[in-house]
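Here's a quick briefing for anyone opening this structure for the first time. Have a look at the model, then read on.

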Amino acid sequence: MITYVVCDIEADGPIPGPHSMLSLGAVAVNKEGKQLGEFEINFLPLKNAKPHPITMKWFVSHASEALKYAKQNQIPAKEAMNKFGDWLLTLPKPRVMAAHPAPLDFMWVNWYIQTFLADRLEEPPFTRPFFDSKGQSAFDIKTFAKAVLNKEYTEIDRDNYPKELHDNTKHSHKAIEDAREYALLLIKLLNKN
């Protein structure tokens, strides 16, 4: 049975490298709804990276508590990613990263894996042994919801799911809380009908 590792990140800008990941939350679940573990970590900023002013303005005005939370107990990125990698390896195989939307979160997680865990990868640039797909990919919960709900991709947004599937009022922008929220949505979508 697939272990879905539902990841959510918070970052101080739009792209990794020039900007830094602030926090990473991950919740491992299977289709049956069993939670297999959680992981949460906050990152120190990357050397020579700078927060993007528009992103930081948004955090201050829309998610100041989440920003404050992400600045607690920060550790260097290499140490943080090694802890994440060690945790991933404790989970049952096959492991698949999932996110909502996957392109954004995967971009950050993959960049940090390639940058800080390259010496632990079996076949760079693939993400094994941490994730089990041959390529560089992640399960996009938003695209899956589009198919399950028979909607257009542009009609799917975390604000407009049917309430029995997802209640966006609890979306806090704290990475671990949002990962829990999306893990629950994924389980409901996998078992719909």
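**Pockets and a strand**

The lining of the largest pocket is made up of ten nonpolar, five polar and eight charged residues (Ala, Val, Leu, Ile, Met, Phe, Trp, Tyr, Cys and Pro count as nonpolar, Asp, Glu, Lys and Arg as charged, and the others, Gly among them, as polar). This is a predicted model, where local features need pLDDT of at least 70 and side-chain atom pairs count only at pLDDT 80 or more, while totals for chains, interfaces and linings use all residues. Residues are numbered from 1 along each chain as its sequence is written, and side-chain values use heavy atoms, with hydrogens and water left out.

**Largest pocket**
- The largest pocket has a volume of about 480 Å³.
- Of its 23 lining residues, I9, E10, L104, R158 and H173 are the closest to the centre.
- β1, α1 (53–62), α4 (102–116) and α6 (175–190) each bring at least two residues to that lining, and β1 gives the most, with four.

**Strand β1**
- Strand β1 covers residues 3–11, and nine of its nine residues are buried (under 20% relative accessible area with a 1.4 Å probe, protein chains only).
- T3, V5, C7, I9 and A11 point one way from β1, while Y4, V6, D8 and E10 point the other way.
- β1 pairs in the parallel sense with strand β5 (residues 95–99) over four bridges (pairing takes at least two DSSP bridges), and V5 stands opposite M97 in β5.
- With strand β2 (residues 21–29), β1 pairs in the antiparallel sense over eight bridges, and Y4 stands opposite V29 in β2.

Key: Buried < 20%, exposed > 50% of the residue type's maximum accessible area, 1.4 Å probe, protein only. 1 Å grid on protein atoms, 1.4 Å probe; cavity = no way out; pocket = protein on both sides within 12 Å on 5 of 7 lines; lining within 4 Å. Points joined across faces, edges and corners; volume = space filled by probe spheres on them.
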